[in-house]
Amino acid sequence: MQQSREIYSAVKLALPALLSLAAALFSLSSNAATYWVNNEDSLRDALNRAYVNPNELDTIIVNGTIYLSNTVNIKSKVEIKGAAQYRQSKLKRNNYSFAAPMLNIQYSGVTIHNLTLQGVGQNTNTQLAKYAQWDSSNSALIYLPTTSTASNPAYFNIYDCNLIDSAVGINSIGMLPRDLNIAWNTFDRVNRGVELLRDIYRANWNLGDRLYAGSLNISNNEFKGNNIRLGISIDGGNDGYPHVAPSYPDHYAQIRKDIKDKRSYYNEGSKINSNKIYNAREFGIALATVGNLYVSGNYVSTWGNEGEFSSGINIEHNANNISVSSNQIHVSTTGNFANAFTLLPYNDHGAPLNIAQASTNITYDRNTVTGVGRNVIQAIGYRNLVISNTNATNFQTTDPYGINATLFNVPGDYSNSTAWSNSSVKFASWWSFNGTGTKAPQTYYYDANWQLQIANESL
């Protein structure tokens, strides 16, 4: 048993290629120190000492449980790890009034592993409003503040940790933090596990052009709890440009109008793979305004009540070059808005459907869908969409006509899309494809009588 655990740990330690890149950029120094800490004062003292030479990789070893009364700011390259095996060493909030971020990462090259990070109870939205002054970023266990290129806490690495009892596990608001490795962790009773958001309220808003997000690895994590809202959510854009939504205050509406809505691009090979996400009320995995991602081998189960919108994997708002393959989605709700996969434009807050918001080059292949819900896939507004090899044999739709996938599109521009699957997936095309491009989307679908149909609308 011990040997198997050692092999298991070795696999996890060897996993992140980001560590090699981080090591190349931040070379180790012979002056690096190791600190053993067992209370809040000794932890803060060790971090202050590490700050003297912030580029040296000092090591802080946590012994036992340390109760934290306020945010711990990390302003140097440091490794924080547990002394005990199996994540038994712990950092924990000590009261409900402590609603700010627990660990505030403000420097590049920080690594956290073999630790348990614990809040003070699973914060639902009601608790969030009460204890975090309506600001979702304030209740995160780990916060990555990224308001400009200079302040981006790149090369953050967390693996082999427990994150427990919090509204948010790992959170970023501003620009997307660059070069992240989040692997082999457990998120238990965390309402929103990983939530990375680009938000003009907090970012330097003139950085609206194409942004570089570096490498991303979110793999082999487990998200579980009582009706969690989100497992993994990455939003790299500012909703609605150039539409000024009437529901926003005038000042921010103008910023949203001025800023260019461009996606954040990841390096080729960036991935969200082999995660297990249980009982997600809204989205298991949600991606918006990002490019170059593989989403593969994940298990997602959704849970929701009648009338709630939910999706195992959601892609929206000008995403590009995303492959969704070999995932297993289990839908468990009777509502009319329960889907395994959704592909959406930005059209809330009064914004109109338009081709500028459509996601492009999206591929779904070899996915399996089970359970009971409305749609295997609901796609609205896309270009170059491919759906293939879907196994929905054990999925039961709530549609009265037995149609379990709907494909919509919006007016505009060039498109060449296909959809095909086995006979257990019956597609319906509800809106006409009309626009100004030279190619309309081409859709193969099964009608309510199980007859293969081809929709090829000429423009």
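**Aromatic pairs in a predicted model**

Student: How many aromatic pairs does the structure hold?

Tutor: The structure holds four aromatic pairs, where rings of Phe, Tyr and Trp (its six-membered ring) pair if their centres lie within 6.5 Å, and planes under 30 degrees apart count as stacked, over 60 as edge-to-face and the rest as tilted. This is a predicted model, in which local features need pLDDT of at least 70 and side-chain atom pairs count only at pLDDT 80 or more, while totals for chains, interfaces and linings use all residues. Residues are numbered from 1 along each chain as its sequence is written, and side-chain values use heavy atoms, with hydrogens and water left out.

Student: Why is the pair of Tyr278 and Tyr299 tilted?

Tutor: The planes of Tyr278 and Tyr299 stand at 50°, with the ring centres 5.7 Å apart, so the pair is tilted.

Student: And what about Phe283 and Phe309?

Tutor: Their planes are at 80° and their centres 6.0 Å apart, so that pair is edge-to-face.

Student: Is Phe283 buried or exposed?

Tutor: Phe283 counts as buried at 9% relative accessibility, whereas Phe309 is partly exposed, with a relative accessible area of 30%; buried means under 20% relative accessible area, exposed over 50%, and partly exposed in between (1.4 Å probe, protein chains only).

Student: Switching topic, how many helices and strands are in the chain?

Tutor: The chain has five helices and 37 strands, these being DSSP runs numbered from the N terminus (helices H or I, at least four residues; strands E, at least two).

Student: What share of the 459 residues is buried?

Tutor: Buried residues account for 57% of them.
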